[in-house]
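I opened a new notebook page for this structure. My plan is to look up the whole chain, then a few places in it.

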Amino acid sequence: MVGPGSTLGEIIRRQRELNEISMRQLATMAGISNPYLSQIERGLRAPSEKVLEAIAGTLEISVDRLYEQAGVTTDEEDEEPVV
């Protein structure tokens with residue numbers, strides 16, 4: 001099970017497994033190469049926003065939810081409110 005401190009790649013792999021999608025299927029559906037997805041899942045490469053959006057869309061989860069599960073804050077959350 002994926003716990004606190006899990007990397008974005010681990011979260012993507014877990015979501016893929018929960019959806020019962022092979023790595024090859026996810027890569028094809030997201031429009032990326034299988035080796036690139038493997039590197040993302042192993043934490044060797046960080047996906048671009050465009051690639052992450054494609055992966056999230058294929059997994060039927062929001063990019064924000066992936067970041068949240070990985071414990072990553074987005075720039076919007078880090079900004080101070082304007083008064």
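**Entry 1. A loop residue.** I started with glutamate 60, which is exposed, with a relative accessible area of 72%. Here buried means under 20% relative accessible area, exposed means over 50%, and partly exposed is in between, with a 1.4 Å probe and only protein chains considered. Glutamate 60 sits in the loop between α4 and α5. Its phi is near 55°, which is a positive value in a residue other than glycine.

**Entry 2. What kind of model.** I noted that this is a predicted model, in which local features need pLDDT of at least 70 and side-chain atom pairs count only at pLDDT 80 or more, while totals for chains, interfaces and linings use all residues. Residues are numbered from 1 along each chain as its sequence is written, and side-chain values use heavy atoms, with hydrogens and water left out.

**Entry 3. The whole chain.** I found six helices and zero strands in the protein chain. Helices (H or I, at least four residues) and strands (E, at least two) are DSSP runs, numbered from the N terminus. Along the sequence the pattern reads α-α-α-α-α-α. The protein chain has 83 residues, and 36% of them are buried. It exposes about 5600 Å², of which carbon and sulfur atoms supply 48%; such areas come from the Shrake-Rupley method with a 1.4 Å probe, and for residues only the protein chains shown count as cover. I also looked at contacts, meaning heavy atoms within 4.5 Å. Of the contacts in the protein chain with a separation of 6 or more, 47% are between residues 24 or more positions apart.

**Entry 4. The core.** Which residues have the most contacts inside the largest nonpolar core? I listed Ile12, Ile32, Ile55 and Leu66, in a core of 21 residues. α1, α2 (23-30), α3, α4 (49-59) and α5 (63-70) are the elements that give two or more residues to this core. α4 gives the most, with five residues. A nonpolar core is a set of buried Ala, Val, Leu, Ile, Met, Phe, Trp, Tyr and Cys residues joined through side-chain atoms within 4.5 Å. In soluble globular proteins, nonpolar side chains tend to be buried together. I then followed leucine 66: not counting residues up to four places away in sequence, it touches Leu8, Ile11, Ile12, Gln15, Leu52, Ala56 and Ile61.

**Entry 5. Glutamine 15.** Is glutamine 15 buried or exposed? Glutamine 15 counts as buried because its relative accessible area is 14%. Its side chain makes a polar contact of 3.3 Å with that of glutamine 69. A polar contact is a pair of N or O atoms within 3.5 Å; within protein, one must be able to donate a hydrogen and the other to accept it, and residues adjacent in sequence count only if both atoms are side-chain atoms. Beyond its neighbours within four places in sequence, glutamine 15 is in contact with Leu59, Ile61, Leu66 and Gln69.

**Entry 6. Helix α3.** The buried residues of α3 are Tyr36, Leu37, Ser38, Ile40 and Glu41, and they pack against α1, α2 and α4. At the N-terminal end, serine 33 caps α3, with a side-chain oxygen 3.1 Å from the backbone nitrogen of tyrosine 36. Glycine 43 follows α3 and has a positive phi, near 80°.

**Entry 7. Glutamate 41.** Glutamate 41 is in helix α3 (residues 34-41). I recorded it as buried because its relative accessible area is 2%. Which side chain is joined to that of glutamate 41 by a polar contact of 2.7 Å? The partner is arginine 16. Leaving aside neighbours within four places in sequence, glutamate 41 is in contact with Gly9, Glu10, Ile12, Arg13, Arg16 and Met23.

**Entry 8. Two exposed residues.** Glutamate 20 is in the loop between α1 and α2. It counts as exposed because its relative accessible area is 71%. Its phi is near 55°, a positive value in a residue other than glycine. Lysine 50 is in helix α4, and with a relative accessible area of 69% it is exposed. The C-alpha atoms of lysine 50 and alanine 30 are separated by 9.9 Å, and these residues are 20 residues apart along the chain.
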